[in-house]
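Morning, everyone. Please have the model open on your screens. I'll walk through it piece by piece.

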Amino acid sequence: MQKVLQSVPILIVFIVSLGVTLLAWQHEKAMAKRDLRTELDFQLRQTSSRIVQRMAAYEQMLRGVQGLVQATGDIDRGVFSRYVDALELGADDTGIQGIAIARLITADQADRLALDMRRSGLPDFRIWPAGERPTYAPLVQVEPPFGRNPLALGFDPLSDPVRRAALEQARDSGRPVLSGKVRLVFDDDADDQPGFLMILPLYRPGQSHDTGPARRTALMGWIVAIFRMSDLIAGLYGEGADGLVTEIFDGVTPNERNHLFLGDGSDQHLYAGHYSADEIVTVAGHSWLVRLHATPAFESHFGKGAADLILLSGGGIGFLLTLVIWQMATSRARAQRIAEKMTRDLKESEACWKFALEGAGDGVWDWYIQTGQLKFSDNWAGVLTAAGDSAMSGPDLWVSHMHPDDLVAERARFEDCLAGRTAVYISEHRVRWRDGSWRWVAVRGMIVARDAQGTPLRMIGTMSDVSERREAEERIRYLAQHDPLTRLPNRALFSDRLQTALTRARRTGEHVALMFVDLDRFKPINDNFGHDIGDLLLKEVADRMRRCIRDSDTVARIGGDEFVVLLPATGSVADALVVAEKIRAALAQDFHLDGCRTSISSSIGVALFPEDGQDALALSKNADDAMYRAKQKGRNRVQFYRDGRDGPDPGDAIPTGDVPTEPGLRN
Amino acid sequence: MHRGCLAFLVAVLLATASPGQTAEPSACPRPYTLALHEHGLLYSADTDRGIDKDTVDQLVERSGCKIIVSLMPRARIWQLIETGALDFSLSGITNDERDQYAAFAWYFADKYYLLVRKDLKATSIDDFQRAAKFQLGVIRGFRYSPNANRLVDTLQADQRVVFATTLDPLYTMLLAGRIQGMIIEPFDYPALQEASIREATQLLEFNDPAVPHGLIMSRKGLSDAEQNRWRAIIASMKSDGTFLRIFQTYFPEAMANSMVNY
């Protein structure tokens, strides 16, 4: 439906432009047609006018001959000849073949006339065509006497109905008369071109010829001007338009019988279907139909106009206009489609990323730095928000959730990224979860928009809950540094702490006490009661030792039944002795293990820094020596590396009878 | 009626002023030229008679001037009037274009009619105009009353007009069916009396008032003073009944009267 609505204006524009073009085309064609007709009519008028003018001139010329005869009183051959000679019928009068005198005689005068003519220098003169007629009007003189004109001598025009009609009309009207179409008597078949005659009556001078009967009585002959139509038209002066062909018919009916002339000698059928115009011209009481044919050349010159150009250009412009309108009309829809596709793609992409990120427990954040707007992906927005947080802006909310210990370092790292000193902000820090717990998150971010001055505008990034990874890493580290049975630091961790304590003690001048604790007669317990009991015993030993020291002290298990105790910042030998004794005493207490009671003792060797060794190795060796000596002295005692520092004899504290010589369980 | 009264007054005034002018020797500074055209009762070359011929004779007599008369097609007459090569013609009507180069002295008015073949079954001018096949024959150079002019112009635009120099061939063409109509005036009535024409044709009337006809004077050939002198002569011919007498020679009395006293 929407597409249909969209195409309506396009269709309207197309139809309107097409309609306007067609209208303009039609109008131009009509105008061109009108111009063509106007031009054709103008040319027809000009042609007709020239014909009438030329014929009027000839008429005037014959009136001169008529006047001459009237003036001289008779038809004098010499005078007539000189007169015609004086007319100088030249190229300008090509239409007129000659001017003849037809003398009217009765039948009984014919022989006499012929005889007279032959005697006067025309030995071949005869009246023709032969035949009995009441009257004859033989041509007795044809001027100029050149070319074929002499061939016409003796011809009797009264013998031909067309000529006779014209002669009689002239006789009766006293005016010049044109004959109908005739074949000129001196033309042969090879040169048969239509001709006509202009005839003026000659009346006997002094006789009245005001009325018809009077004219017949006074008539003595005619002046006959002989015309060939093609030559007449050729001699017409005046510039005709190119591409027009003149055709002339005798009378008013255009048919083959009346055909007088066709320009260019061409075939009239060639012009069928083309423009033509007719005019009837009446010359000397006789009508001709003058027809002008427009040739294709004329029609294309006058009738074409700019119609085709209008059609082409209008069609082209209409098409382009429609195209533009189509572009305009559909650009919004197309842009919308593109935008929808982009949005869809983006949403799909976002959904994929969201799925991927959220599936992995990750979140996305987008921070508009200037406005402070910070958006989290849904799965993270919830876990961070706690009561009272709603009033906070994004960044403040985040900072408020950060672990205080991480704040300083993170702020510095963040500032580096904002300032462009680092390309990417990468951090792992702790944040308080909605449930109040601290969780480790890995945050990555980068600036994606800055203004012209480099001020950061927008930062986007991801965050992941890495608490589990961190815990796993912590557990691995713990396992690497602790004895799995007793959960006491192992040798490696203890060595680190010892080094640390020594370093610190060298700086502070404090004492460090290192104790080697070896359980006395532990092996028999393992052998007699099994390793499970042995392990339980070791765990209990570790717990008791742990209870005997400060948090800052370290007790570690470095062998099967060998333990070490580190007392950093030991104030004095006495302090060390107290702790050592406390441990010895604790270990000398009975053990209740899995329903069994047993007892062991311990031999403790103590070395002090810096007196008993300057480094860990020396100190350890000396503590070990001291422990050996304690063993040698009967076990269950504390032995300082240097004599004189040892504690009281354990026999003072422990009833002798209570100390078993062999480890055993008492139920 | 109002126009008739006004024309009468002008005619009287001019007539009273004319004798003095005609007596002046400078009234005929040169021979004038006048052309007739063959048109029914106006002039027939065959008989050398007609209203225009009689009018010329009167003009010669009253003016005392030599007037060289020739016969030529109407279109040619207007051309020569425009160029000034011809001084006068007769029975002319005007239009805006002709007013530019010709002045007139009116002396009669008549109506135009469309002569059509009876077998067309056309009962009005509109019928004739609507029939696309009908051709109209007109004389080149003729103009008519407004509705007749409109018909001619419309048909000419549709290439439905055949031009002729005189009316005679148009009658022939009408009878032969080559044209279906022609515009005539009362001068052409005698031709209609011929049996062949009378039986084959009928007259349709244009709804136009009678159109004034008059002496045509070339503005280029004749000064304003000369034009006024000839107007005065025409007016005197009207006022003294000369024109009425001339027209009565060719028309029934009532018709002659209506034409001259329009």
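Strand 18 (residues 511-520) and strand 20 (residues 562-570) of chain A pair in the antiparallel sense, over 7 bridges. Two terms there. Strands, E in DSSP with at least two residues, and helices, H or I with at least four, are DSSP runs numbered from the N terminus. Two strands pair if DSSP finds at least two bridges between them. In general, strands of a sheet pair through backbone hydrogen bonds, either parallel or antiparallel. Take one bridge here: A:L514 has A:L566 of strand 20 as its partner.

A word on the source. This is a predicted model, where local features need pLDDT of at least 70 and side-chain atom pairs count only at pLDDT 80 or more, while totals for chains, interfaces and linings use all residues. Residues are numbered from 1 along each chain as its sequence is written, and chains are lettered from A and ligands numbered from 1 in the order in which they are written.

Now the whole sheet. What is the strand order? In chain A it runs 19-20-18-23-24, an open sheet of 5 strands with mixed pairing. Strand 19 (554-557) and strand 24 (637-640) are the edge strands, each pairing on one side only. From one strand to the next, the twist averages 20 degrees. Angles run from 0 to 180 degrees between N-to-C directions, and axes are lines fitted to C-alpha atoms, for helices over the stretch in contact.

What lies across this sheet? Helix 17 (residues 616-632) of chain A lies across strand 18, strand 23 (601-609) and strand 24. The helix runs at about 145 degrees to strand 23.

Stay in chain A. Helix 14 (residues 522-529) and helix 15 (residues 531-547) have axes that come within 6 Å and cross at roughly 140 degrees. So helix 14 is oblique to helix 15 of chain A. The angle classes are simple: under 35 degrees is roughly parallel, over 145 roughly antiparallel, 65 to 115 roughly perpendicular, and the rest oblique. Helix 14 brings A:I525, A:N526 and A:F529 to the contact, and helix 15 brings A:H531, A:I533, A:G534 and A:L537. Contact means that the C-beta atoms of two residues, placed from the backbone, lie within 7 Å. By class, this contact has 4 nonpolar, 3 polar and no charged residues. Nonpolar covers Ala, Val, Leu, Ile, Met, Phe, Trp, Tyr, Cys and Pro; charged covers Asp, Glu, Lys and Arg; the others, Gly among them, are polar.

Chain A as a whole: 18 helices and 25 strands. Of its 667 residues, 31% are buried. Buried means 20 or more other C-beta atoms within 10 Å of a residue's own, exposed means 12 or fewer, and partly exposed is in between, with C-beta atoms placed from the backbone. Among contacts in chain A with a separation of 6 or more, 63% join residues 24 or more positions apart.

Next, where the chains meet. 18 residues of chain B are in contact with 15 residues of chain A. On chain B's side, strand 7 (161-164) and helix 7 (168-176) each supply at least two residues. Which element gives the most? Helix 7 of chain B does, with 5 residues. That side of chain B has 9 nonpolar, 4 polar and 5 charged residues.

Now inside chain B. Helix 2 (residues 51-63) packs with helix 10 (residues 224-239) at about 115 degrees, axes 11 Å apart. So helix 2 of chain B is roughly perpendicular to helix 10 of chain B. From helix 2 come B:Q58, B:L59, B:R62 and B:S63; from helix 10 come B:I233, B:S236 and B:M237. That contact has 3 nonpolar, 3 polar and 1 charged residues.

Helix 2 of chain B has another contact, with helix 11 (residues 242-250): their axes come within 10 Å and cross at roughly 150 degrees. That makes the two helices roughly antiparallel. Helix 2 gives B:I51, B:D54, B:T55 and B:Q58, and helix 11 gives B:T242, B:I246, B:F247 and B:Y250.

Last stop: B:P29, in the loop between helix 1 (2-22) and strand 1 (32-36) of chain B.
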